[in-house]
Every structure is written in structure tokens, then in C-alpha cells.
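Q: I would like to learn how to read helix packing and charged pairs in a model. Could you take me through them step by step?

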Amino acid sequence: MIATRPGAATPTRYYPSTTATVDGGLDLIAIEHAMNGEQVQLTRRERVEAARQLDNRGIHTAEISRRLGVTPDSVVAWRKTGWAMPAPDPDPIDIGGASHGRSGYSRGCRCRTCKDGANAAQRAAKARKRAAA
């Protein structure tokens, strides 16, 4: 939270939208909180969008990185790529009813369930990639 001393001017509050709360999978309310320096969990796409909007308002790179909890190098890289949105996070791998590991899958496990599930996920990812091309 951004604090002010008594009698000081209230800091400018930034709003990504005046009416919408969601835009194409982006949570504009979470973006608003992040733009104003409040602690909030953001996806990579929301973080890039918040940085873009702050940059459009003339906020310095160091201040953007401080508000969003990223490095200044990340903000500079996003700016260089034209604020291109990263691809959405991939779907989690569904490997059936494996009962080991916190997520039901242990990396490098050689049991049949894990191997079959990992192979099926790879095939599905390749098929999605071919369909998108």
C-alpha cells in the first residue's frame, strides 16, 4: 500500500477501465489494485497489461516494476516486444488416478500411469500446436 503523511495530497488512483471488470480473460479489478501498488496475485498476462497501462500514463520503469513486483528488466523487455501478451498458461497434465507426489505426478517417475499420462499430454500439445499453425 502506498502511504502518505498527514496533510499530504492523496496519490493519484489509476483505473484500467471505468465500466468493465473483465476483458478477454484479464481481471481488470486485480490489474487496478496492482497499478495502485496493492498486493494482489496476477497472471503473467495481467502483469503485462498493468505494466502497459502504467507506461502509457508516463510512469517510470522503476516505479512500474516496484508496483508490480517484477524486475525493471522485465518491464523493459515487455516494452521492447510491444507489450505482446504471453501465451496462456498450459492446461495441467491429466495423468489419471496416480496417487503419488503432491500433484499426483512425480517428475521422472517410470510407473506406467505416469508415463502414459505424460506421453498423452505431449501428443495433445503437439496436436494443438499443429492445429494452431
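The dialogue below turns to a helix and its charged pairs.

A: This is a predicted model, in which local features need pLDDT of at least 70 and side-chain atom pairs count only at pLDDT 80 or more, while totals for chains, interfaces and linings use all residues. Residues are numbered from 1 along each chain as its sequence is written, and side-chain values use heavy atoms, leaving out hydrogens and water.

Q: Which residues of H3 are buried?

A: Buried means under 20% relative accessible area, exposed over 50%, and partly exposed in between, with a 1.4 Å probe and protein chains only. Helices are DSSP runs (H or I, at least four residues), numbered from the N terminus. In H3 the buried residues are Thr-61, Ile-64, Ser-65, Arg-67 and Leu-68. They lie on the same side of H3, because they cover an arc of only 165 degrees around the axis, taken from the directions from the helix axis to the C-beta atoms.

Q: Which side chains does Glu-63 meet in salt bridges?

A: Side chains of opposite charge can pair when their charged atoms come close. A salt bridge is a side-chain nitrogen of Lys or Arg within 4 Å of a carboxyl oxygen of Asp or Glu. Glu-63 meets Arg-66 at 2.7 Å, N to O, and also Arg-67 at 2.7 Å, N to O, and Glu-63, Arg-66 and Arg-67 are linked in a network. Arg-66 is partly exposed at 49% relative accessibility, whereas Arg-67 is buried at 14%.

Definitions and conventions: Helix = DSSP H or I, 4+ residues; strand = E, 2+ residues; numbered from the N terminus.
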